[in-house]
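Here are some notes for a colleague who has not seen this structure before.

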Amino acid sequence: MIPSSCHVHIDWNHFRHNLCQLMRKGKALMPVIKADAYGHGVLPASDILAELGIEWAAIGTLEEGRLVREHGYGGNIVSLLSFTLSPEDVRLAREKRIIPLIHDWAGLRALDAALRAENSEPFDIAVKVDTGMARLGFPVEEMEDVAAFLNANAALRPVLLISHLAVADEPEHDAYTERQAENFSKAAAILHRSYPDVLCSLGNTAGLASHTASAGDVCRPGLAVYGYNPQFGTSREGDCEGLLPVMSVSVPLISVHPLRKGESLGYGLAYTAESDRLVGWAAIGYADGYRRNPAEGTCMCVNGIRVPVIGRVAMQTTCLDLTDLPFTPQSGDIVHVMGGPGHAVTAQELADWWGTIPYEVLCLLGKNSRD
Ligand SMILES: *Cc1c(COP(=O)(O)O)cnc(C)c1O
């Protein structure tokens, strides 16, 4: 990747703090560090799981799992995005002790064929059951057949049953979440008849925080470990308190100059000064994952003080109105796009300004060079 002028800083102490906070719920955790740990860096994230004695990690692709294993993480690695495994995938998963998540018959049959060709040791898998998300997973009604198929194939050893909640973060849909939990219990009961030791994993962040009793043996928090609350703004905001944001993003100010009353700036001359202003350009734009059309009121921070974004966001530059700063900013000064000292901008605020969710903000900005 060609480095940009945009710098992502990760506060691993905050990551530690968030994990400790979640561990207080009393459930085993399988933190979700897929997609490069939501843009934070999957390898250092895995170091901290190991340091805290967390025995499960959920990653995306098998390849991401390989990197985590080779980096030294010794716990269980579950690949959420393993799809249909080729014989090479099976070899990789076995060699690196990565547990693939099998979610359909094609995947199960391909794996069975690959293992028969290999004719070797039992192979650990996680089974995904669809309890109402309608994304990935065997229908609950097919779990008897799945159990029978597994029973007939000693090389296939299920260790984990997984399902995912669709609306756990929306209190008004609690009845749906409860139905998902019931469906999950049914699936678990079927699998447990043949495999009593299979562990159950249902809850994501919101499931762990607000549906703790039905969240399963092992929970899969993602967003909360990075310091954000999926239930922000709902009646259950308080279930996930005390989290600290882990990512901050800074860029240099590359130009500072006056803009006189009546003058316009940027592409489309989209901003016109109604009075004399002092403006500056920050070195970030849509190429760095900063949205081109943020809402009115979008801000960045200079020395901990918020300044408004004005005009049209360009590919690698965004304009700020610096007039009201109590000091004279200069080219080279640091601008915090998110996080940093003072009245820091949060991923939640950026999400509101961009019309999205903090997950996407972290993934987008996290693609820039990390310190
Ligand atoms: C991403 C993901 C999670 C984490 O969800 P959060 O809302 O970030 O806690 C959990 N389980 C699965 C299967 C996922 O894909």
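**Strands and pockets**

1. Strands β15 and β16 make a hairpin, with 2 residues between them. In the turn, Asn 303 has a positive phi of about 50°. Please keep in mind that the model is predicted.

2. One of the bridge partners is Pro 308 in β16, which faces Cys 299 in the pairing.

3. β16 is also joined to β17 (residues 318–321), again in the antiparallel sense, by 2 bridges. Here Val 309 has Leu 320 of β17 as its bridge partner.

4. Val 309 returns in the second largest pocket, where Ala 295, Glu 296, Val 309, Ile 310 and Gly 311 lie nearest the centre among 14 lining residues. β16 supplies the largest share of this lining, 3 residues. The pocket holds about 290 Å³ of space, and its lining has 6 nonpolar, 4 polar and 4 charged residues.

5. Helices α2 (34–39), α9 (205–210) and α11 (358–365) each give at least two residues to the lining of the largest pocket. α2 gives the most, with 3 residues. By class, the lining of the largest pocket contains 17 nonpolar, 5 polar and 5 charged residues.

Methods: Residues numbered from 1 in each chain as written. Predicted model: local features only at pLDDT ≥ 70, side-chain atom pairs only at ≥ 80, totals over all residues. Heavy atoms only, no water. Pairing = 2+ DSSP bridges. Helix = DSSP H or I, 4+ residues; strand = E, 2+ residues; numbered from the N terminus. Nonpolar A, V, L, I, M, F, W, Y, C, P; charged D, E, K, R; others polar. 1 Å grid on protein atoms, 1.4 Å probe; cavity = no way out; pocket = protein on both sides within 12 Å on 5 of 7 lines; lining within 4 Å. Points joined across faces, edges and corners; volume = space filled by probe spheres on them.
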